[in-house]
Amino acid sequence: MAILIDEHTRVLIQGITGKVGSFQAKIMLEYGTSIVAGVTPGKGGTTLHGVPVYDFIEDASRNHEVDVVLCFVPARFAKDAAIEAIDNDIKLLVLTTAGISDQETLSISNYAFTKGTRVLGPDTPGLVSPGKCKVGVHPNRVLKEGSVGVVSKSGALSYEVCKQLTENGYGQSTIIGIGGGPLWDITQRDTLEMFENDPQTKAIVLLGEVGGTMEHEAAAFIETSVSKPVISLIVGRSAPKGAQMGHAGAIIEGERETAGSKIDALIKAGSHVAKNPAEIVAYLRKLGV
Amino acid sequence: MRLLEFQAKRIFSEHEIPIPKSVLITSVADVAGLAFPTILKAQATVGGRRKAGAIKVAESASEATPAVEELLNTTVKGHRVQAVLAEEQVVVERELYLAVLIDKVAKLPMLMASSAGGVDIEAVGRDSPEKIIKKYVHPSVGLPRYVLQYLATQLSVKDRMADLTSIVEKMFAVFYGYNASLVEINPLAVTPNGLVALDAKILLDDKAAYRHPELFDQIKEEQNRLAKSEKSRAQQLAEEYGVTYVPLEGEVALISDGAGTGMLALDLIRDVGGRAANFCELGGLAGTESMQQALEVVLANPKAKVLLISLIGGLTRMDEVAEGIVNYLKEHRVTIPLTVRMCGTQEEVGRAKLREVGIETYDDLPTAILAAVNGVEAD
């Protein structure tokens, strides 16, 4: 099972011939991801790592079934690329691009909603269902197939936690990076719902941070609608107020946006809260997962 | 980026949003040309200027001279004032609040208004939320007339419906035209001569800077000249290079290759009794050059006693950032202990490169953090 992607998922990569797109495509192919096509305007008709490259998604769609579009297009052109993917009725768009302006992110998100496309990101490392399919940039060595669902705003924090999980024998059902914000289409709450409904997932790890109020919405959902154990880790406990902590969304602009307030809400909602990745493993042991 | 009041008002004026007549003055000599009475407003990109004593009223040149002198030498919340906006005093009957912003939860532009203007709007929202009107404005729907009529009724300015409509429409034009995150008028004054924006606040989205290069260049040039904030060498370098850098009070200098892992490192440093000297992260796509720049930034802080570089690459390639570290060490003498934690994409190549210059890396983050924090104590 897993969520959103599995061994049957067919992937198209936008920006496949760029430096990052080409390097990461190779790693994903080695992992076993079924990359059926790539798109780079002007490079149509060529192949890369054996994958056919097209000028437009429409051209690719004539020859291939595509479930997910993974976008490596730079911020300046990313909105256009996203609209092209949505126009082609793609179910899931994974937008790795960082630095897309908020108003452009709004346009993408609102248009996707009208067309029924879900958008992961922007500024996401993507997602992986270990052993089945990888549509992202996660380092392979931290991945292991299993039953822990992981959702994170930050890519690197999810690598930290998966490294710890994998080294201690806890595999993952799906690891999903929703992006650094401050605007999200797929939220923590949405992924909690998906993990709750996924038979492979036995426990959920929620990785959050300072800034915004999404963790409060997640906590409210955990309280009413999640039966599986949730272990949360909120980083930025020592972050100063008002400072931009790297992610566009990671800035404390009110009391509810602090790590402390989110931790309190999650504990109240029935989530276990860890202070570091090792404590997450300890909770899993204690819970007998 | 937050604009200075006079910069925001220049944009208002270009869009014909009514503002009081004003002159920007940068020296006491400029007082000679003013009309009185006048309001003297220190130009700094901070809120709460009235409370901070950064806004003064002068009835005459003899009052204005010492006031300007004082304002030009003052520091408002860490910003040294270099310019004062001298504004004509208008007759104010009531003060309203108007803003256009992005509602992050609904993911829609929002029009916000209140009859309680001229004060801290967050306090109004907290203490009497019923006084704040919020209306989503979907880009494909535009501004419905009923919203404007509702607003005019709630704000008791039905007799100024045309003025209000024009101002709100123009605020949206500014919002969309410059990819703004916020366009705010607080207060919007009701005067015998119509509605007038007494203050102006515009936040531009830095992520859209390349769409408006001339505007951003002009704003930055003016702010460098007229609103010098007190910045350390490290902060200046960070701005120049576009590196995320937050100065902190401690001794452990930190470079991370992601925001989440960086904040985790920050928390773990504190949990083991250490104190971070800064937060610095390279984003998910760091390379050789950005690593060299980050090193230059964090080591420009004289309080740094040890350096911890914590890397867990996904998009970031360890071979590339290792090369950045090696290049930096070739060109600079680093006198403080260096701890490197490295794993992830291309880690074997990265580790080998560092081993060649005598640096052994850690794989485990808590172990690396302990080593770095212990390095401070050994010092």
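This is a predicted model: local features need pLDDT of at least 70, side-chain atom pairs count only at pLDDT 80 or more; totals for chains, interfaces and linings use all residues.
View 1. The buried residues are Ser290(B), Met291(B), Gln292(B), Gln293(B), Ala294(B), Leu295(B), Val297(B), Val298(B) and Leu299(B), and they pack against helix 7 (233–241), strand 13 (244–247), strand 14 (252–256), strand 15 (278–281), strand 16 (306–313) and helix 10 of chain B. From its first C-alpha to its last, helix 9 of chain B reaches 17 Å, which is close to the 16 Å expected at 1.5 Å a residue.

**View 2. The packing of helix 9 against helix 10 in chain B.** Two packed helices are described by the angle between their axes and the distance between the axes. For helix 9 (residues 288–299) and helix 10 (residues 318–331) of chain B, the angle is about 45 degrees and the axes are 7 Å apart, an arrangement that makes helix 9 of chain B oblique to helix 10 of chain B. The crossing of helix 9 of chain B past helix 10 of chain B is right-handed. Helix 9 of chain B contributes Thr288(B), Glu289(B), Met291(B), Gln292(B) and Leu295(B) to the contact, while helix 10 of chain B contributes Glu320(B), Val321(B), Glu323(B), Gly324(B), Ile325(B), Asn327(B) and Tyr328(B).

**View 3. The buried and exposed sides of helix 1 of chain A.** Helix 1 of chain A, formed by residues 19–31, has 13 residues and reaches 19 Å between its first and last C-alpha, close to the 18 Å expected at 1.5 Å a residue. Within helix 1 of chain A, Gly21(A), Gln24(A), Ala25(A) and Met28(A) are buried; because these four residues cover an arc of only 115 degrees around the axis, they are on the same side of the helix. Lys19(A) and Glu30(A), on the other side of helix 1 of chain A, are exposed. The cover over the buried residues of helix 1 of chain A includes strand 1 (10–14), strand 2 (34–39), strand 3 (47–48), strand 4 (51–54) and strand 9 (133–136) of chain A. Gly32(A), which follows helix 1 of chain A, has a positive phi, near 110 degrees.

**View 4. The contact between chain A and chain B.** In this contact, 46 residues of chain A meet 39 residues of chain B. On the side of chain A that touches chain B, the elements giving two or more residues are helix 3 (75–87), helix 4 (102–115), helix 5 (155–167) and strand 12 (203–209) of chain A, and helix 5 of chain A gives the most, with six residues.

**View 5. Lys158(B) in a loop of chain B.** Lys158(B) is located in the loop between helix 4 (145–154) and helix 5 (161–177) of chain B, and it counts as exposed because it has 12 C-beta neighbours inside 10 Å. When residues up to four places away in sequence are not counted, Lys158(B) touches Ala152(B) and Thr153(B). Lys158(B) and Phe12(B) are 146 residues apart in sequence, and their C-alpha atoms are 23 Å apart in space.

Terms used. Residues are numbered from 1 along each chain as its sequence is written. Chains are lettered from A and ligands numbered from 1 in the order in which they are written. The expected span of a helix is 1.5 Å times one less than its number of residues. A residue is buried if 20 or more other C-beta atoms lie within 10 Å of its own, exposed if 12 or fewer, and partly exposed in between; C-beta atoms are placed from the backbone. The arc is that of the directions from the helix axis to the C-beta atoms. Two residues are in contact if their C-beta atoms, placed from the backbone, lie within 7 Å. Axes are lines fitted to C-alpha atoms, for helices over the stretch in contact, and angles run from 0 to 180 degrees between N-to-C directions. Angles under 35 degrees count as roughly parallel, over 145 as roughly antiparallel, 65 to 115 as roughly perpendicular and the rest as oblique. A crossing is left-handed if the near helix is turned anticlockwise from the far one by less than a right angle, and right-handed if clockwise.
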